[in-house]
Protein chains: 2
Amino acid sequence: MPSAPPSWVQALKPSDPQGPDLLAAERNGSKVDSNKLAVLLHTQANLDRAAELTKLIEAEPVFNKDELLSMGRVDRIQRSLARGKALKRLSKKYNWNEETYHAAVKISGEPNVYGLHDGMFLKTLREQGNAEQHKLFLEPAEASRYIGCYAQTELGHGSNVRGLETTATWNPEDKTFILHSPKLTASKWWIGSLGRTANHAVVMAQLYIKGKNYGPHPFVLQIRDLDTHEPLPNIYVGDIGPKFGYNSMDNGFLLLNQVKIPHINMLGRFSTVDPQTSEYRRIGAPTLVYGTLTYIRSMIVLESGASLARGVTIAVRYAAVRRQFQDRDAEAAGVPGETPVLNYKMVQVRLLPLLAATYALHFTGRNMIELYNRNQEVMKKNLAAQAASKGSPGPEELQPGAELLADLHATSCGLKALSSTIAIDGLEMCRRACGGHGYSSYSGIGTWYSDYLPTVTWEGDNYMLTQQVSRYLLKTARAVQKGNAPNNDTSKILSHYLNRQTTGAAYDVLNSDQDIVAAFAWRAAFLTFESLRLRDVQKQSWNSLLVQFWHLSTAHSQYLVIKSFYDAVFENRARVAAEVGEPTADILRDLFRLYALHTMELHSAEFFTAGAVSVNQLTLARTTAISALLDRIRPNAVSLVDAWSFSDFQLDSSLGGYDGNVYEKLFNRARQNPVNTLTLDPNPDSTVLVKRTSKL
Amino acid sequence: MPSAPPSWVQALKPSDPQGPDLLAAERNGSKVDSNKLAVLLHTQANLDRAAELTKLIEAEPVFNKDELLSMGRVDRIQRSLARGKALKRLSKKYNWNEETYHAAVKISGEPNVYGLHDGMFLKTLREQGNAEQHKLFLEPAEASRYIGCYAQTELGHGSNVRGLETTATWNPEDKTFILHSPKLTASKWWIGSLGRTANHAVVMAQLYIKGKNYGPHPFVLQIRDLDTHEPLPNIYVGDIGPKFGYNSMDNGFLLLNQVKIPHINMLGRFSTVDPQTSEYRRIGAPTLVYGTLTYIRSMIVLESGASLARGVTIAVRYAAVRRQFQDRDAEAAGVPGETPVLNYKMVQVRLLPLLAATYALHFTGRNMIELYNRNQEVMKKNLAAQAASKGSPGPEELQPGAELLADLHATSCGLKALSSTIAIDGLEMCRRACGGHGYSSYSGIGTWYSDYLPTVTWEGDNYMLTQQVSRYLLKTARAVQKGNAPNNDTSKILSHYLNRQTTGAAYDVLNSDQDIVAAFAWRAAFLTFESLRLRDVQKQSWNSLLVQFWHLSTAHSQYLVIKSFYDAVFENRARVAAEVGEPTADILRDLFRLYALHTMELHSAEFFTAGAVSVNQLTLARTTAISALLDRIRPNAVSLVDAWSFSDFQLDSSLGGYDGNVYEKLFNRARQNPVNTLTLDPNPDSTVLVKRTSKL
């Protein structure tokens with residue numbers, strides 16, 4: 001293959017109409033102001049920062065993405081390290097703060113081998129280390145002399161932290177801990193940055209003092225020599241191998257053979273072993289840890305909107321450019337030419353509710369973060385009081401002011417599960433909606449999907465989390481029945497249902513947006529009390545109710561999404577209209593309705609079993625209302641994805657670039673892929689595989 | 001990293017209970033005879049052949065799978081060619097027939113670069129070439145002197161074959177055709193084996209004679225030199241780059257610049273251009289082509305069961321070994337130890353309906369193939385009569401005896417869409433049910449999922465196909481109303497509904513298995529006549545009904561699956577019991593019920609809107625019946641997946657091997673992965689990436 005195609009190939013253009021003309025027409029025909037909407041979503045400051053960072057990163061050859069897609073894992077890891085170093089260099093040069101640095105890592109397009117050092121390692125040292133430990137471990141870690149990771153999950157135990165097998169045995173004689181892996185299943189596993197990069201780890205291990213187990217605690221352990229980077233004695237560490245995605249990360253394993261560490265290496269902010277008396281001591285309440293988990297999950301909710309939006313942006317733009325078949329009726333009516341696939345109802349019904357979901361999830365996440373921040377203020381005021389008490393770690397037993405956190409913690413569990421499921425399933429839906437070309441890595445969706453996928457498992461497996469939500473809802477429902485419920489939104493919707501249960505509901509979801517929210521609340525409350533009856537009255541086993549709980553958690557979380565979206569576009573109606581203009585605000589309200597009615601249709605059996613909505617209204621929603629909303633949103637679809645403001649560099653998609661120049665991009669990337677350097681010998685009887693290799 | 005782990009690592013075992021003991025206990029506790037069930041599924045002859053082929057293939061180092069998972073694409077393609085050559089060598093050595101050869105390719109574990117030569121190229125030459133062309137093209141192709149591919153899809157056109165842009169212009173002066181790509185979008189694209197391997201192609205191109213277009217026709221074209229393997233003049237060909245899966249295949253592109261080929265290169269079995277008069281001539285009816293498509297889709301249905309079964313096998317075995325948490329009630333009751341996750345209802349409800357689906361799809365596919373074969377016999381008898389007629393190519397207009405084929409063709413469209421969707425979504429469900437380790441490539445599910453994924457798009461995009469089913473159902477419904485419907489099952493269920501419509505249905509799906517089948521038929525018929533009313537009475541546009549049609553096709557196809565499964569285990573009750581024993585037959589009937597009720601629950605709104613099942617029965621199904629079936633099937637789950645008889649070599653899964661030795665396998669593969677050859681320099685200020693590399 002010659003380095004440039006012959007002139008007759010270079011002269012070829014895609015057949016008319018051209019993609020750029022089609023997307024320009026889409027943008028002209030929309031009433032949405034995508035620039036103003038972008039500011040509403042991101043703020044101008046963030047948009048400016050992203051543009052600036054993208055320019056810097058794009059200029060560095062190491063961030064070129066073309067080669068990554070064809071690379072084997074040995075090369076990927078080296079490239080990942082090179083990219084990590086480049087980001088740290090840029091960070092130093094431009095004096096980025098931490099937020100800007102993390103934004104830059106995101107823009108770079110894939111996790112790099114420093115990811116867990118920059119995240120969980122530094123975070124844990126900061127939050128769980130005392131002043132002396134900050135000096136000893138955090139300072140060299142912040143200076144990147146120590147590169148660390150956070151080693152919790154084991155080969156035999158993921159979600160169940162209490163079941164971890166690694167032990168840390170206190171040694172009163174020489175004031176040390178012995179870290180040990182008693183079984184193969186105790187091997188740390190999946191630990192990001194551990195496989196090849198880290199020289200330190202925070203190791204979660206069962207603390208034993210005089211034979212008694214005090215549960216999992218964090219210990220700092222040096223695992224590799226700072227000069228040679230070889231593992232230290234009695235430490236067996238390595239990379240766990242290829243994965244479905246995330247292959248730029250060296251997730252690792254770690255086995256320890258009676259490794260001795262000094263007393264100071266047990267992170268001592270919340271608990272310690274008295275070196276003189278060997279007494280175990282708690283210091284303060286681990287409320288902050290709960291807070292951190294809630295914050296991390298809220299961030300997942302917020303980011304789920306943007307994560308899905310990448311796929312929706314690509315699929316919507318490509319569907320506006322790609323033309324297949326004639327519409328059967330248009331053909332009969334003599335309208336010439338093929339139809340853009342975005343005009344097909346079967347494509348609209350797949351993509352436009354997902355487009356609506358990107359906005360729904362974004363507003364929900366933002367709402368969660370705001371609630372969290374407001375609550376942190378309250379919590380901080382109460383911290384002193386709490387430090388004195390030695391309550392149990394469950395959120396239910398916290399001091400006054402913690403009621404909102406308990407609610408927030410439970411809702412963040414359910415919302416994390418729902419939002420990441422919506423995002424991942426939606427991304428795959430977008431990929432398939434791109435037809436055959438969606439399968440090409442150049443679509444930009446597949447790789448993104450594979451890298452996003454762990455989100456449904458980490459920070460709480462999505463199925464497991466629904467139990468936590470349900471436990472909280474049952475607990476609140478019992479309190480509501482007894483009349484001693486805390487003052488929060490969950491109590492309110494449960495009380496409302498309990499009071500109105502006998503008179504019933506008659507929500508007009510086709511004509512009242514407020515009734516839509518009320519119908520979702522009603523269904524969630526109905527399922528809560530149904531679950532309560534099965535558990536408390538019928539005494540069904542917890543296990544037999546897990547499926548019911550999963551439905552319950554989903555219903556409650558969907559209510560929260562609907563309510564957040566409603567609050568964002570209706571409660572703040574005037575402010576939104578002032579920011580983006582009335583026509584755009586109008587479309588946002590249509591997106592709310594589409595998202596709500598589409599979700600309702602998917603779960604219609606629950607809505608009418610609950611008596612929240614009549615069969616007739618649901619039938620009308622299915623056959624008429626949703627279709628009308630699709631028609632109204634369709635002309636604005638491209639502008640609505642434009643507002644998400646992904647750069648072409650970030651999307652890395654031949655199908656979904658801003659300009660619509662789909663086919664030339666796809667062709668040019670394809671012809672330059674490294675497989676085309678090979679001239680094979682296809683003769684089965686010849687043992688030669690490659691006749692010659694050439695440059696591209 | 002040393003080549004073997006230190007002795008203290010080698011001495012480590014997983015914590016108790018051991019996987020092999022757990023799986024042995026599962027097998028002992030089951031009443032299913034997995035060996036006999038295996039014979040029912042596969043026949044003894046096929047089981048023997050698979051075992052023999054696996055032994056031969058496993059013995060060749062080139063088929064080792066460990067390295068593949070970490071390889072870049074340049075290496076993957078070379079390895080794919082090496083594997084392809086090894087298979088051809090084995091085939092010659094052991095004198096395999098074509099069926100055995102294809103079985104061996106499957107067992108080898110991934111498509112290789114000869115895939116489209118062995119499949120579509122040879123098939124097309126055989127079916128669409130005349131005797132002279134068989135001599136000229138097929139013979140050297142069968143001898144592998146010509147290596148070919150089938151070039152239909154283009155950059156700008158996938159599903160819509162009529163929209164292809166490549167032209168073949170007849171040249172009466174020198175009796176040649178000029179093949180040409182007038183636009184960039186005319187580039188052939190996605191063509192398997194074209195990218196680097198093939199030296200010939202069957203090119204589908206719009207035939208033009210004296211300026212008139214006769215539609216797409218197949219032409220044989222040499223594309224590369226037989227000695228140098230370089231592209232011939234005016235041919236621009238290459239690989240289209242990395243994909244979400246299928247990366248062992250060199251899917252390619254092809255552009256042609258006025259390439260001249262002789263008259264004989266147009267495949268002439270069904271149509272030809274008279275070289276003297278330039279007249280276009282049809283020869284015989286293309287019924288066979290319809291038949292071929294129907295056959296291919298029926299095979300996809302059959303294989304969907306086995307494809308899904310790979311994932312279910314892995315997930316079920318691993319779920320029987322993996323233990324997480326204590327059951328909350330067991331814990332309260334003082335039962336010690338963690339619970340195998342297969343005991344959790346939330347895991348059962350995800351995996352056991354999929355286990356049932358593997359059987360449902362298998363029996364459905366087998367039923368389709370049998371119907372197809374029976375019909376081919378009938379068709380062959382009528383071939384002579386048909387050759388005389390020059391009817392339109394639509395299956396509706398075929399001669400008597402073709403009615404069954406029309407039904408079969410339509411049902412194969414719907415079933416292909418449904419079964420491949422069930423398989424692909426089920427595989428991902430299985431992967432997630434494996435928790436964190438499901439994400440490891442060593443789970444064996446991810447790679448299989450990625451390679452299976454194109455099935456939802458090729459041989460008819462799953463969404464597009466639902467239109468064909470609906471068109472056929474509407475047509476049949478109109479005929480039923482007029483009383484001139486053909487005699488087939490579809491007509492029967494539609495007539496039954498029409499006759500009983502006013503009296504209504506009252507199916508007792510919880511107590512009568514026959515009523516389950518009837519309820520699925522009723523709902524499909526209800527949706528057919530609802531669609532007919534929307535289209536014919538309300539005159540809704542075709543486009544506005546696409547979503548309705550998709551639901552309709554799904555409902556009809558689900559009925560066919562339920563009916564096939566019912567016929568297999570109830571109609572043949574005595575034979576099945578004789579073959580596998582009554583206890584195993586009993587569990588097969590439970591699998592039928594679980595699959596049916598679970599499917600019904602997923603679509604409950606349609607079942608009660610149709611009046612097929614009462615709300616009360618559906619509620620009981622959801623809260624009681626399904627749970628009881630899960631309890632009955634649970635102890636037999638491992639034996640039921642054993643019956644699928646995948647070898648460990650085929651599964652290539654550390655989680656799902658036959659012996660249950662999960663953790664040691666996972667650990668040993670991980671430590672030997674090639675990333676562990678790298679000793680990195682993690683210091684961000686150093687430009688060195690790799691300090692040294694070592695052997696494993």
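1. Ground rules. In this predicted model, local features need pLDDT of at least 70 and side-chain atom pairs count only at pLDDT 80 or more, while totals for chains, interfaces and linings use all residues. Residues are numbered from 1 along each chain as its sequence is written, chains are lettered from A and ligands numbered from 1 in the order in which they are written, and side-chain values use heavy atoms, without hydrogens or water.

2. Symmetry. Chain A superposes on chain B by a rotation of 180° with 0.0 Å of shift along the axis (RMSD 0.0 Å). Gly72(A) has the C-alpha nearest the axis in chain A, 1.7 Å from it. The copies meet through the same surface, because 100% of the interface residues of chain A are also interface residues in chain B.

3. Domains. Chain A is assigned domain 1 (120-283) and domain 2 (289-641). Such bounds come from an automatic or database domain assignment. Their centres, taken over C-alpha atoms, are 37 Å apart. Eight residues of domain 1 contact twelve residues of domain 2 in chain A; contact means heavy atoms within 4.5 Å.

4. Core. The largest nonpolar core has 301 residues, and Tyr359(A) and Tyr359(B) have the most contacts inside it. A nonpolar core joins buried Ala, Val, Leu, Ile, Met, Phe, Trp, Tyr and Cys residues through side-chain atoms within 4.5 Å. Buried means under 20% relative accessible area, exposed over 50%, and partly exposed in between (1.4 Å probe, protein chains only). Leaving out residues up to four places away in sequence, Tyr359(A) touches several residues, including Leu37(A), Phe565(A) and Trp644(A).

5. Helix α14 of chain A. This helix (residues 462-482) has 21 residues and reaches 31 Å from first C-alpha to last, close to the 30 Å expected at 1.5 Å a residue. At its start, a side-chain oxygen of Asp461(A) comes within 2.9 Å of the backbone nitrogen of Tyr463(A). Just after the helix, Gly483(A) takes a positive phi of about 80°.

6. Helix α17 of chain B. Of its 26 residues, 21 are buried.

7. Arg27(A). This residue is in helix α2 (residues 19-28) of chain A. Arg27(A) is buried, with a relative accessible area of 18%. Val638(A) is 611 residues away in sequence, yet 6.6 Å away in space, C-alpha to C-alpha. A polar atom of the Arg27(A) side chain lies 3.0 Å from the backbone oxygen of Tyr658(A).

Terms used
Helix = DSSP H or I, 4+ residues; strand = E, 2+ residues; numbered from the N terminus. Expected span 1.5 Å × (residues − 1). Polar contact = N/O pair within 3.5 Å; in protein donor to acceptor, adjacent residues only side chain to side chain. Least-squares fit on C-alpha atoms with pLDDT ≥ 70 in both.
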